[in-house]
Every structure is written in structure tokens, then in C-alpha cells.
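Visitor: Could you take me through some of the helix packing here, with the criteria spelled out as we go?

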Amino acid sequence: MTQTMTEVLEFIEENDVKFIRLAFCDIFGKQKNISIMPAQLPRAFETGISFDASVIRGFMDVAESDLFLVPDPATLAVLPWRPSQGRVVRFFCDIRRPDGTPFEGSGRDILRRTVKKAADMGYVCKIGSECEFYLFERDEDGNPTMIPHDHGTYCDIAPLDKGENVRREICLTLEEMGIQPESSHHEQGPGQNEIDFQYSHALAAADDLVTFRAVVKNIAAQNGLFASFMPKPFPDKSGNGLHINMSLSQNGRNIFKTNEAGHSKEAESFLQGIMDRIPEITAFLNPLTNSYARFGEFEAPRYLTWSHQNRSQLIRVPAATGKYSRIELRSPDPSCNPYLAYSLLIAAGLEGIAQKKKLCAPTNLNLFDVMKEQTKTFETLPGDLWSALQLAKNSSFVAEVLPQATIEKYMEQKEAEYLGYKKALDKHAYEQDQYFLQI
């Protein structure tokens, strides 16, 4: 047993911990957990805790259903919204087969391999996310409604902004759990909010986003509200985006840091690598039929373009300097599995560096306010989930990053989801039923 494990066991004993949640995600990024008592934690570290993987979407079938959860001691966090007496803590877990080998469908293992590939090339990738969500009222029986919590707009203050206390509580809760939010504000839509995160290493950033979604849901519920990360809950209002900020360092130097000659060649190749592969990986960045209603409206991109500062582009290079120099990808939404999304994005950027790709010219236009003639030559993101799935299914790049079994199970479930949407007479009602409560 490592020193970290020993320290964890001492913490459990000294802090009145009575329940331990072993957390993991299915291949679609939905968090699951099993609770164990403290006496079982040494066994969990040594051999793992078994669970029925046949009932987890995209994992195993009934004939081969046993998998084991092995907690990562570095991810210990107290759940602040649970009682202070008889505390509850949470670990993110690695998933193992009965023989101890990693389960290929574990998103944490997939991302860990991609991070190692970057390290082998001499790079460290850090990620900071900007995540949007809506707050809705509940009815007298406690059921979620489609009534937004307020009618504020971008960066409004109270009393128009009724979400400031909820955001404050979310941020303080995250801090207690060791996650550092940088800023928060009201977004464009009624009842819409955004919280931005400090940069962290890719695996920690993915863990933090999964934690964030759980914290937002729980704090909203404690305040008599319902939180939804559905990409486009209102057809005519701003959608929920997940803007992914990425920086890459080599020997401690941020390669996105602008010098007198402009960006480094490696930074430009990394950006172009992502641009080239975005169509093939959009099915993993925007995994719902509802995801595609965002594109092209309310600062959500549609075209495969980049520019400096311009928020109408797919990728923008913000005006930040020094260690904050980075690129910002604006197409993903918060319904994605961050482990798969970050793996694919990092791998695409690394491919760009390995192949020394030359960055295309920037598009210095407001793409939300131009004539169609000016954009007809631009390539676009996939127009719907089905198109995105077919591009991913036939992508040799996706097959290099993700295990084949994971790809096949992902495609099978998502294609069925799309076909259900196509058959639905009321497509808006279908999406509300499928996504509003679940995402």
C-alpha cells in the first residue's frame, strides 16, 4: 500500500467518514457510483470492488459482466452537501477486469494513455473549461418545470440575476472539494449561468467537470431549483456551451505564448490538427440530437474557422498573455464525456505537431452577421447527430484514439437515439423527454 493510501485511511478514520462513494462514468460521461463502508476501503485499494457492468450503458454483456472499481487515492474529496457528522467522501475510480488489467472502456484510462503520449512527445496539456447551465423552477410537488429561475441577461446583477447566491454556493462548494473556479456570472439566456475553471492537467480537468455537474445539480436541488446542462433547452434562447481552453507546455514553456514573431510553429500545428479532425470527433463533443440546434446562433460556431479574440469562430485565440496564452474551442457542449472529448482533442493537436501541419489563415469576420455569399466556401461542422456519427464511425483517427469496442457501443446507442428522434412526430417533446431531466 502506497503512502498516499495510508494517508487516505488515516483521514477516513480521523474525520468521522462513514460512507465512501466509488465514482465512475459510463462511456457517455454519466456519473455512477457505489457506496461502501470505511472498513471496505483497504480491500478496494488492493483488489477493487466488483459491480455488474452489464447494466452500465456501453460496458459489458450479461455473459461477461464483472468489473472492479479501484479508487484513485489522489481524488479523495469530502461531499460538503452531505451531513458533517458521518461524513461522505468520494473517489474517482479506475476500472479493472477480474485479472487486474484495465477495462478498455474506462474513460480515465483512455485519457491517461493520451496524456502519456503527449508526455512521450515532451508536452504537457492543461485544460480549463467554461461551462454553462440553466436553472429552472420546480412545481409545488418538487418536479422540474420549464420556467426559468429569472429573466436576467449577460452579466446582469440582482434583482434581475436571481442566481447569484446559487452560483456563490456552487463556487464555495467546489473550493471545499479542492476545485478552483475562476469566475462566475449570469449568461445570455433567462436563468442561464456560467462558471469558469482554473487550468489543471487534463485528467484532473475531466474529473473536475464531472464533479462540477454533480455539484451544480445538488446545490440547485437544495435551493428548490432544477439545473439542466441540456445543450438547447429553449429553441429561441442561448444554448449551453462548454468552451474548452487548452494550453500546451514544453520544458515548462507555454508554446501558445505569443512572441514577436507570432505563435510558435508547434502551437499553430496543434491548432490546425484540431481544426482538421473536428468533423470526425464532433459526435463525441456534441453527443445529443439537441446539440446541433446550438450551432450558428448566440455565439455558438458553425464554420471551421479560427481567429484572434473573435467569438463567432470555432477556435479563437484570446488576448490573454503569458501563462494564460491558450486556444479556446467553442463548439462542445456540457453533455459530452470529458474523458473521451479531451483525449480526442489532445490527440488531434499532437497529430498536427507530429505532421508539422501549417495553420490556415484566420477568418476575421463576424460570422453571425455576414451575407451567405461570404460563407458559402467555408466548411461547416456536421449538421446533425447522424452526420457526425457517420464521420466518426469511418474515421481512422478516432479508431487510433478510442478502443474499437467503445466506438461500436457508442455508435450503436447513439444511432438508435437518432432514429428515435427521426421517428418522433413532436421532435421538441422527444428531446425534452430524453434529455431535460437526464443531462
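**Helix contacts and a buried face**

Guide: Arg108, Leu111, Arg112 and Val115 in H3 meet Ala202, Leu203, Ala206 and Asp207 in H5, where contact means heavy atoms within 4.5 Å and helices are DSSP runs (H or I, at least four residues) numbered from the N terminus. The model is predicted, with local features needing pLDDT of at least 70, side-chain atom pairs counting only at pLDDT 80 or more, and totals for chains, interfaces and linings using all residues. Residues are numbered from 1 along each chain as its sequence is written, and side-chain values use heavy atoms, with hydrogens and water left out.

Visitor: How are the axes of H3 and H5 oriented, roughly parallel or roughly antiparallel?

Guide: The axes, lines fitted to C-alpha atoms over the stretch in contact, come within 9 Å and cross at roughly 150°. Since angles between N-to-C directions run from 0 to 180 degrees and those over 145 count as such, H3 is to H5 roughly antiparallel.

Visitor: On which side or sides of H9 do its buried residues lie?

Guide: In H9 (residues 385-393), Leu385, Ala388, Leu389 and Ala392 are buried, that is, under 20% relative accessible area with a 1.4 Å probe, protein chains only. Because they cover an arc of only 100° around the axis, taken from the directions to the C-beta atoms, they lie on the same side of H9.

Visitor: Which residue caps the N-terminal end of H9?

Guide: The backbone nitrogen of tryptophan 386 lies 3.3 Å from a side-chain oxygen, and a polar contact is a pair of N or O atoms within 3.5 Å, one able to donate a hydrogen and the other to accept it. The cap that supplies this oxygen is aspartate 384.

How values were computed
Helix = DSSP H or I, 4+ residues; strand = E, 2+ residues; numbered from the N terminus. Parallel < 35°, antiparallel > 145°, perpendicular 65-115°, else oblique. Buried < 20%, exposed > 50% of the residue type's maximum accessible area, 1.4 Å probe, protein only.
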